[in-house]
Amino acid sequence: MADPMRIRANVVGDSTEVKVLMSHEMETGQRKDASGKVIPAWFIQNVTATWNGKTVLAAQWGPAISKNPFMSFKFKGGAKGDKVVITWTDNRGDKRTDEATIA
Amino acid sequence: MDGKRREVLRAGGGVTLLTLLAAAGWLPGDALAADWNKAAFETQSLDATVKALGGAAPTQSKDIAFVQTPDIAENGAVVPVGVTSAIPKTESIAILVEKNPNMLAAVFDIPPGTDPAVTTRIKMGQSSNVYALVKADGKYYVATKEIRVTLGGCGG
């Protein structure tokens with residue numbers, strides 16, 4: 001399984017700002033290796049973020065997202081101590097879930 | 001020997017936990033993986049992408065803004081792009097790069113309660129127009145920004 005994500009969730013006014021840094025190769029499937037063979041695509045396809053069991057963001061990604069993807073977003077509500085859970089799934093069916101406590 | 005047995009036990013335990021979680025509805029599971037819109041990610045024009053996403057021709061909008069997005073990016077492999085939408089009832093935000101092999105980079109679904117603003121980092125093969133495509137109240141809106149990519153040693 002891939003390395004853990006780094007997630008920060010902070011209360012900003014009446015919203016919660018979430019920043020996520022994932023660890024993933026995000027291979028496009030366009031590049032070739034030294035022997036001229038195409039390196040197969042390997043990238044995160046789906047990302048979901050939930051807070052108290054409610055989905056606060058759902059994303060579909062293509063291979064054009066940078067290596068070690070970063071994303072940030074904000075949602076209304078969220079209190080200190082609540083948990084934000086992020087899950088990603090890549091095109092090989094690998095998945096990873098991490099959570100962070102809102103600070 | 002002993003260590004191996006432990007590994008097996010741990011692996012087994014992990015599977016059970018995952019299964020339980022999936023059963024309890026905590027993990028989105030395979031249903032989510034199937035949500036990946038393959039057709040949309042294989043398109044090569046804005047109109048085709050909108051069509052694959054299930055919409056009609058998008059309207060130009062001044063209510064969509066790029067934030068934290070450079071005019072000139074030194075490294076095409078990591079271009080920060082932020083999109084905010086001031087259109088009421090924004091349901092999703094998509095980011096498209098005109099001259100990438102496949103235009104669509106990402107689609108973010110914005111449920112009610114989440115601010116219509118996302119930031120991420122994308123790859124760009126070359127200088128190109130970047131589109132922010134917003135779906136609001138069933139309609140599609142678009143805004144364009146040109147980002148120049150300077151590759152090699154001449155940038156800066």
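**View 1. A salt bridge between A:K76 and B:D115 in a predicted model.** The side chains of A:K76 and B:D115 form a salt bridge with an N to O distance of 2.9 Å; the term denotes a side-chain nitrogen of Lys or Arg within 4 Å of a carboxyl oxygen of Asp or Glu. By this rule, 1 salt bridge is found across the interface of chain B and chain A. The model is predicted, so local features need pLDDT of at least 70 and side-chain atom pairs count only at pLDDT 80 or more, whereas totals for chains, interfaces and linings use all residues. Residues are numbered from 1 along each chain as its sequence is written, chains are lettered from A in the order in which they are written, and side-chain values use heavy atoms, without hydrogens and water.

**View 2. The side of chain B that touches chain A.** The contact (heavy atoms within 4.5 Å) takes 33 residues from chain B and 33 residues from chain A. About 2700 Å² is buried between the two chains, and carbon and sulfur atoms give 52% of this area. Buried area is the accessible area (1.4 Å probe) that two parts lose on being put together, summed over both. B:W36, B:R121 and B:K123 supply 24% of the area that chain B buries against chain A, more than any other three residues.

**View 3. Strand pairing between β4 of chain A and β6(B).** Strands are DSSP runs of E with at least two residues, numbered from the N terminus, and two strands pair if DSSP finds at least two bridges between them. Strand β4 (residues 54-61) of chain A runs antiparallel to β6(B), joined by 4 bridges. Within β6(B), B:F108 is the bridge partner of A:A59.
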